[in-house]
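Reader: Can you walk me through this model? I'd like to start with the packing and then go to the sheets.

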Amino acid sequence: KFAEDRNGESVSRMAALARELTVYITVPYLEKAGDNPGDQQFFNSIALVGPESKPEQPALAHYRKNCPWPHPEKSWATPGDGVDESIYDTEYGRVGLAICFDIHTILAKYADKQLWALLYPIAWVGNTTEWFADELPGRLGFVNCPHYILGANWATDRPQGWEGAGGSTVYGPGGQILAHAREKEFHGCEEIVVVRIPTQRCMPGVGELDKEKYQQWSEEQFGTDYWHSPACGCE
């Protein structure tokens, strides 16, 4: 009912808005592939739209979540394959796309892509301060993440029965926190993260991603091997 084709209504409408406002927007959506209901696959996907988006081809870049979170997504999500269509050169620098749980595996796939920024929509479950403000910057510093990460978490206009909303965060090269939403009343609606960062030509250089340390991070994270295990049936 809610799944859309790759260039469906959500992507097309947001592309029109991006052209009107002259901005870039990441559009998360539930993607379906295939015409036969019995053979259809579903993906947790993002499209990047912007001023250059065309009505007939609105997505400037397209990404299917490579590493769905096994707990809720194993019942419906098909893992995406790689990042070849997920990179786009904006006037500010080269961007890549990733979604939520991908953070534990995706940096290695972009390691040789010379990114300026990773555009990173999130639907977090858990304490946002502990993860976004404390643990994740330490991990990014440990592996020497060489590019910016613009993390946009889900929000709400009223308190929810579970933790996870709010806490959107921007990280600089090396994992430094450049901006972090800290809502006082409840997480989700009181702060919008606005931050100025240098273009790719002027960004600070910290060297390359430490792939050995990042492999250690990935292997220690529960659930990252699910899609390559017999339990998944994906291979």
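Author: Leu107 and Ile149 touch the most other members of the largest nonpolar core, which has 37 residues. A nonpolar core here is a set of buried Ala, Val, Leu, Ile, Met, Phe, Trp, Tyr and Cys residues joined through side-chain atoms within 4.5 Å. Buried means under 20% relative accessible area, exposed over 50%, partly exposed in between (1.4 Å probe, protein chains only).

Reader: Which elements each supply at least two residues of this core?

Author: They are β2 (41-49), β3 (61-64), β5 (94-97), α3 (106-109), β6 (117-122), α4 (128-143), β7 (148-153) and α5 (211-220). Helices (H or I, at least four residues) and strands (E, at least two) are DSSP runs, numbered from the N terminus.

Reader: What is the model's origin, and what are the ground rules?

Author: This is a predicted model: local features need pLDDT of at least 70, side-chain atom pairs count only at pLDDT 80 or more, and totals for chains, interfaces and linings use all residues. Residues are numbered from 1 along each chain as its sequence is written, and side-chain values use heavy atoms, with hydrogens and water left out.

Reader: Tyr214 and Trp217 came up. How do they pair?

Author: Their pair is edge-to-face, at 5.1 Å centre to centre and 80° between the planes. The rule: rings of Phe, Tyr and Trp (its six-membered ring) pair if their centres lie within 6.5 Å; planes under 30 degrees apart count as stacked, over 60 as edge-to-face and the rest as tilted. Tyr214 and Trp217 are three residues apart in α5, so about one helical turn separates them. Both are buried.

Reader: How many aromatic pairs by that rule?

Author: Six. Ring pairs also link Trp124, Trp131 and Phe132 into a cluster.

Reader: And what sits over the ring of Phe43?

Author: The charged end of Arg64, 3.9 Å from the ring centre. That label needs NZ of Lys or CZ of Arg within 6 Å of the ring centre and within 35 degrees of the ring normal.

Reader: Sheets now. What order do the six strands take?

Author: β4-β5-β6-β7-β8-β9, as an open sheet with mixed pairing. Two strands pair if DSSP finds at least two bridges between them. β4 (87-89) and β9 (177-180) each have a single partner strand, so one side of each lacks a neighbour in the sheet. The twist averages 15° from one strand to the next. Axes are lines fitted to C-alpha atoms, for helices over the stretch in contact, and angles run from 0 to 180 degrees between N-to-C directions.

Reader: Which way do the strands run around β6 and β7?

Author: β6 and β7 run parallel, joined by six bridges. Leu119 stands opposite Leu150 in β7. β5 and β6 are also parallel, over three bridges. β7 and β8 (169-171) pair in the antiparallel sense, and Leu150 stands opposite Val170 there.

Reader: Is β6 mostly covered or open?

Author: Mostly covered, with six of its six residues buried. Ala117, Leu119 and Pro121 point one way, while Leu118, Tyr120 and Ile122 point the other. In a regular strand the side chains alternate between the two faces of the sheet.

Reader: What lies across that sheet?

Author: α4 lies across β6, β7, β8 and β9, at about 170° to β9.

Reader: What about the sheet of three strands?

Author: It is open and antiparallel, in the order β1-β2-β3. Nine bridges join β1 to β2. In β2, Val49 is the bridge partner of Ile25. Helix α1 (residues 9-21) packs on this sheet, touching β1 and β2.

Definitions and conventions: Contact = heavy atoms within 4.5 Å.
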